[in-house]
Amino acid sequence: MEFTCSPCACVGFLQVLQLPPTVQKHAEVSRNCTEFGWSEPFPHYIDACLYEEGNSSHPDMYYVSVKALYTVGYSTSLVSLTTAMVILCRFRKLHCTRNFIHMNLFVSFILRAISVFIKDGVLYAKEDSEHCFIHTVSNTSVACRAVMIFFHYCVLSNYFWLFIEGLYLFTLLVETFFPEKRYFYWYIIIGWGTPTVCVTIWAVLRLHFDDIGCWDMNDNAAIWWVIKGPVLASIMINFVLFIGIIIILVQKLQSPDIGGNESSIYLRLARSTLLLIPLFGIHYTVFAFSPENVSKRERLVFELGLGSFQGFVVAVLYCFLNGEVQSEIKRKWRSWTVNRYFAVDLKHRHPSLASSGVNGGTQLSILSKSSSQIRMSSLQAETPAT
């Protein structure tokens, strides 16, 4: 009699799970597929994950804290980015190529936050403190793998739109005549099309050569480079563009046509640099080319914890604090206030007009027409007859 524990595990199959490097006692946990199902893990999760005696702290509390941090970060980013998208979509005067690129970047951040929440909900739906805060149960369902494909697509799209932001700004500074609309279609293809190709290739390779579990573990380095390679390339190119833009800004700020003393010039340069860092994702270069097992705790805090707030920072800097956006909101607010004032005033002075559906805008047009007619009649009266 043959008893299968999962679609890819038969009797005698040994499953080995690598534990995080923070685990001090054991580096891995294993279990066997028997005629009666999976055996108990050896060593047990409690024995494998707890620190040595005399240390009451639990290593997985660190991961719980990191997860809580990036959950707050992605939630904050999701709310702020959604609000920014509504503002940019609502006001037609803000519709331009630059803001369209910002909007696509906002959408990529939104999708990334949503994909993280979905992934955590699927992988850690049955998590408990005895499992070292990592996914240990093999889930071979199509839905689970689809979630991982969607997650990698959203992350890769986010990196590519950060790259497009840098490429657009660099081209804008270098090119004198820049056909923005024609280039924008290429930006769409690069930002959303290239990740589709990369993730599709990765999924096909995983299906044929590394079809294990939910595809959440990337033990096959060659296949993982299909995703990691484009990410590192976008980070590296963006860093080069960032340096190039800083050089151009230094040259422009030192131009005699720009007033101000030396301190004000460096102040403006520092401000421009700080604004470009979250837009280009320059902070990713800190651990981009270091081995994944080196400084893993610091990497988690920096990339997951602090990186989850990047969408919030981008929304604040390039929407909420944008002078053009603030001017448009103030203009709309003044227009609404004036219309509301005249609507209330008209209702009190002329109830018959108010009941007939004349609004504040109509009242403004009536007043402007009346004033122009009065001016014309007064000019005719002052003109002597010839």
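What follows is a chat about the cysteines, salt bridges and annotated spans of a predicted model.

Biologist: Hi! What should I know about the model before we start?
Modeller: It is predicted, so local features need pLDDT of at least 70 and side-chain atom pairs count only at pLDDT 80 or more, while totals for chains, interfaces and linings use all residues. Residues are numbered from 1 along each chain as its sequence is written, and side-chain values use heavy atoms, with hydrogens and water left out.

Biologist: Okay, cysteines. How many disulfides does the structure hold?
Modeller: One. A disulfide here is a pair of cysteine sulfur atoms within 2.5 Å.

Biologist: Which residues form the disulfide?
Modeller: C144 and C214, with their sulfur atoms 1.6 Å apart. The torsion about their S-S bond is about -105°, so the disulfide is left-handed.

Biologist: And which parts of the chain does the pair tie together?
Modeller: C144 lies in helix α4 (residues 142–174), and C214 is in the loop between α5 (180–209) and α6 (221–253), so the link joins parts that are 70 residues apart in sequence. Helices (H or I, at least four residues) and strands (E, at least two) are DSSP runs, numbered from the N terminus.

Biologist: Are C144 and C214 buried or exposed?
Modeller: Both are buried. Buried means under 20% relative accessible area, exposed means over 50%, and partly exposed is in between, using a 1.4 Å probe and protein chains only.

Biologist: New topic: how many salt bridges turn up in the whole structure?
Modeller: Five. A salt bridge is a side-chain nitrogen of Lys or Arg within 4 Å of a carboxyl oxygen of Asp or Glu.

Biologist: Which residue pairs with D211?
Modeller: R145, with the closest N and O atoms 2.7 Å apart. D211 lies in the loop between α5 and α6 and R145 in helix α4, so this pair ties together parts that are 66 residues apart in sequence. D211 is partly exposed at 30%, while R145 is buried at 13%.

Biologist: And where does R98 come in?
Modeller: R98 meets E324 in a salt bridge, 2.7 Å from N to O. R98 is in helix α3 (residues 97–123) and E324 in helix α10 (residues 323–349), so the pair connects parts that are 226 residues apart in sequence. Both side chains belong to partly exposed residues: R98 has a relative accessible area of 31% and E324 has 37%.

Biologist: Last one: which residues does UniProt call "transmembrane region"?
Modeller: The unreviewed entry lists several spans, including 100–118 and 185–205. UniProt positions are given in the numbering used here, feature names are shortened, and annotations may be inferred rather than shown by experiment.

Biologist: How much helix is in residues 100–118?
Modeller: That span is 100% helix and 0% strand, with its end C-alpha atoms 27 Å apart. Residues 185–205 are 100% helix and 0% strand, with their end C-alpha atoms 30 Å apart.
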